[in-house]
Amino acid sequence: MNKKIFSGVQPTGNLHLGNYLGAIKNFVELNNDDKNDCVFCVVDLHAITVKQDPKELRDNIRETVATFIACGINPEKSIIFKQSTVSAHSEAAWLLSCVARMGWLNRMTQFKEKAGKDKEKASIGLYSYPILMAADILLYDATHVPVGEDQKQHLELCRDIAQKFNNDYAVDDFLKVPEPLIQKEFSRIMSLKDGTKKMSKSDLSDLSRVNLTDDKDLIINKIKKAKTDPLPLPNSLNELNARPEAKNLLGIYSSLTNFTLEQSINEFSGKNFSEFKEKLSQVLVEKIDKISNEIKKLNTDKKYLDQILLDGQKKANDISSYKLKKMHEIIGF
Ligand code: TYM
């Protein structure tokens, strides 16, 4: 059976190594397999759940498309589009918000983290965001959704929403219950400044992440300054588990080189961080410098990027408007 792949990335700037290793690298592999139908969405409606500057948002949307392509996604073999240009997403989100339960949303840990202490001041959109994400996925009958570990709970909610819709309206298998595709290892890349915190675009310190637009010198400098501990690199997985920074850096190295964590531990066991960091920088520069240059080049060709989004919009609109129409019929409109 062909896999139907759907995933989304927010155009909020600073796409980083976590986005790449946790998600986009996987998009590329899935897209390279001709048996898969791939849809990749620039989720600008999700982005405005927190305040965005309109000019920056517009630039970031194009840069997200440029990043997809620079990382190796083939626009000829996939649908790449902007969420706000396909109105079925917002409409289906409303329909599904009448199916989802408050209790389910109240359990979402990402909302609690993002809203922080002042929950009352968070936007309603930030709260109901996973319902829009469910609409994204379910409109395309996606069978598989590649994401990083932080999206796992949202995908479980999406599955619950699909099942409840099918049960409530007695339409067995109408909304397809999707499978998450989360890598077993390295699906949660941590901050370079704190191995217990996720690498994130919103971290105030740029030194906490490697951005996909960073150049060689910046990457080397960030790795040099990355937090470590005073011990030499460990001899075993057991030892590594108690050392979050060492674990994160060895994880990044392993993911980039396609080694297992055990292989990387064997390569560096007993060595000091300066030697390991030099090798890590070299591997990172090899990968990211190319991507970064390509993003910068593509960014200057606005016409090309806009055309990709326009082509994608037409195709995405055909698929999703058909599914939405069926939803209307089932609901009784
Ligand atoms: P977003 O834009 O925050 O992140 C895009 C993708 O990158 C992954 N990711 C990470 N993976 C590993 N380590 C990290 N530190 C890290 N940071 C981010 C995310 O897991 C994600 O896969 N809600 C989604 C976007 C979305 C979506 C969808 C995804 C909207 N609709 C439908 C899948 C299907 C989000 O905000 O991702």
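Leu 240 sits in helix α10, which covers residues 237-241. Keep in mind that this is a predicted model. Is Leu 240 buried or exposed? Its relative accessible area is 0%, and buried means under 20%, so Leu 240 is buried. Which residues does Leu 240 touch, if we skip those up to four places away in sequence? They are Pro 234, Ala 246, Lys 247, Leu 250, Leu 261 and Ile 265. Tyr 129 is 111 residues from Leu 240 along the chain, and their C-alpha atoms are separated by 36 Å.

Next, Ile 137. This residue belongs to helix α7, residues 124-138. Ile 137 has a relative accessibility of 2%, so it also counts as buried. Beyond its neighbours within four places in sequence, Ile 137 contacts Phe 6, Ala 142, Val 145, Leu 155, Cys 158 and Pro 178. Lys 4 is 133 residues away from Ile 137 along the chain, yet the separation between their C-alpha atoms is 10 Å.

Now the cores. The largest nonpolar core contains 58 residues, and Phe 68, Phe 276 and Leu 284 have the most contacts inside it. Helix α13, residues 273-299, gives the largest share of this core, with 10 residues. Take Leu 284: leaving out residues up to four places away in sequence, it touches Leu 17, Val 210, Ile 219, Ile 223, Leu 256 and Asp 289. Another core, of 45 residues, lies apart from the largest one, and Ile 79, Ala 93, Val 147 and Val 171 are among its members.

The largest pocket holds about 1200 Å³ of space. It is lined by 45 residues, of which Gln 110, Lys 114, Asp 150, Lys 198 and Lys 201 are the closest to its centre. Among the elements that give two or more residues to this lining are β1 (4-9), α1 (17-32) and α7. By class, the lining has 16 nonpolar, 19 polar and 10 charged residues.

The second largest pocket has about 310 Å³ of space. Of its 17 lining residues, Phe 186, Arg 188, Lys 247, Asn 248 and Leu 261 are the closest to its centre. Domain 1 and domain 2 each contribute at least three residues to the lining.

Technical notes. Residues are numbered from 1 along each chain as its sequence is written. This is a predicted model: local features need pLDDT of at least 70, side-chain atom pairs count only at pLDDT 80 or more; totals for chains, interfaces and linings use all residues. Side-chain values use heavy atoms; hydrogens and water are left out. Helices (H or I, at least four residues) and strands (E, at least two) are DSSP runs, numbered from the N terminus. Buried means under 20% relative accessible area, exposed over 50%, partly exposed in between (1.4 Å probe, protein chains only). Contact means heavy atoms within 4.5 Å. A nonpolar core is a set of buried Ala, Val, Leu, Ile, Met, Phe, Trp, Tyr and Cys residues joined through side-chain atoms within 4.5 Å. On a 1 Å grid over the protein atoms alone, a cavity is a set of points where a 1.4 Å probe fits but cannot get out, and a pocket is an open set with protein on both sides within 12 Å along at least five of seven lines; lining residues have an atom within 4 Å of a point. Grid points are joined across faces, edges and corners, and a volume is the space filled by probe spheres set on the points. Ala, Val, Leu, Ile, Met, Phe, Trp, Tyr, Cys and Pro count as nonpolar, Asp, Glu, Lys and Arg as charged, and the others, Gly among them, as polar. Domain bounds come from an automatic or database domain assignment.
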